[in-house]
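I opened the notebook to look up pockets, surface patches and charged pairs in one model. The entries follow the order in which I looked.

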Amino acid sequence: MSDQPNEEVRRAMQAIEGLFSDTEDPVERFRRLSALLDDWPDLHHGVRLMRQAAGEQLYAGGKGMTYASIGGLINVTESRARHIVKGITNPSRQKRKEEQARGQERPGNDGGGGDK
C-alpha cells in the first residue's frame with residue numbers, strides 16, 4: 001500500500017476543507033469540525049451501504065461475479081467479500097444474534113450463574 005491517500009480520499013478531504021474554508025473564526029470552525037466528527041459514524045455507515053449496494057450489483061444474485069472475483073477487486077478473501085456484499089460487519093456477532101433470535105444458546109453457556 002502507498003503512503004499517499006487514494007484519489008477518493010484526497011478529493012473527500014478537499015471537499016471537507018471546502019466546507020470550512022469560509023469559516024474564519026477558529027472557535028466556530030472547531031465546533032463545526034467537532035460536530036462533523038460526532039456524526040462520522042453515520043457517514044461511515046452510509047459509505048458502507050453504498051459499497052454493499054455496488055457489491056450486490058456485481059454479484060447479481062449469483063448470476064454476476066463470484067465472491068472470489070469481487071474480493072480480488074479489493075484484495076480481500078472470498079469470505080470477506082461475501083460479508084461485504086451481505087452487509088455483515090462482524091460475522092461472530094452476527095452469528096450470536098441469529099442464534100439468540102432462534103432461542104439457541106452458545107455452546108458452554110447454559111445461561112445459569114453456576115452450579116446449584
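Below are my entries on the pockets, the nonpolar patch and the salt bridge.

**Ground rules.** I am working with a predicted model, in which local features need pLDDT of at least 70 and side-chain atom pairs count only at pLDDT 80 or more, while totals for chains, interfaces and linings use all residues. I number residues from 1 along each chain as its sequence is written, and side-chain values use heavy atoms, with hydrogens and water left out.

**Largest pocket.** I looked up pockets (on a 1 Å grid over the protein atoms alone, open sets of points where a 1.4 Å probe fits, with protein on both sides within 12 Å along at least five of seven lines; lining residues have an atom within 4 Å of a point). The largest has a volume of about 670 Å³, a volume being the space filled by probe spheres set on the points, which are joined across faces, edges and corners. I noted 14 lining residues, with Asn6, Glu8, Val9, Ala12 and Val47 closest to the centre. Helices H1 (7-20) and H3 (40-59) are the elements that give two or more residues to this lining, and the largest share, seven residues, comes from H3; helices here are DSSP runs of H or I, at least four residues, numbered from the N terminus. By class, I recorded nine nonpolar, two polar and three charged lining residues.

**Second largest pocket.** This one holds about 170 Å³ of space, and of its 13 lining residues I found Arg48, Leu49, Gln52, Gly87 and Thr89 nearest the centre. H3 and helix H5 (78-86) each supply at least two of the lining residues, and H3 again gives the largest share, seven residues. The lining divides into four nonpolar, six polar and three charged residues.

**Nonpolar patch.** I then listed Leu37, Trp40, Leu43 and Val47 as a nonpolar surface patch of about 380 Å², to which H3 gives the most, three residues. Val47 lies in H3 and is partly exposed at 46% relative accessible area (partly exposed lies between buried, under 20%, and exposed, over 50%, with a 1.4 Å probe and protein chains only).

**Salt bridge.** How many salt bridges does the structure hold? I found one (a side-chain nitrogen of Lys or Arg within 4 Å of a carboxyl oxygen of Asp or Glu). Arg10 pairs with Glu7, the closest N and O atoms being 2.5 Å apart, and both lie in H1, three residues apart, about one turn of the helix. I noted Arg10 as partly exposed at 36% and Glu7 as partly exposed at 38% relative accessibility.

Technical notes. Nonpolar A, V, L, I, M, F, W, Y, C, P; charged D, E, K, R; others polar. Patch = residues over 30% accessible without salt bridge, like charges linked within 9 Å, V, L, I, M, F, W, Y side chains within 5 Å. Areas by Shrake-Rupley, 256 points an atom, 1.4 Å probe, with all protein chains shown as cover.
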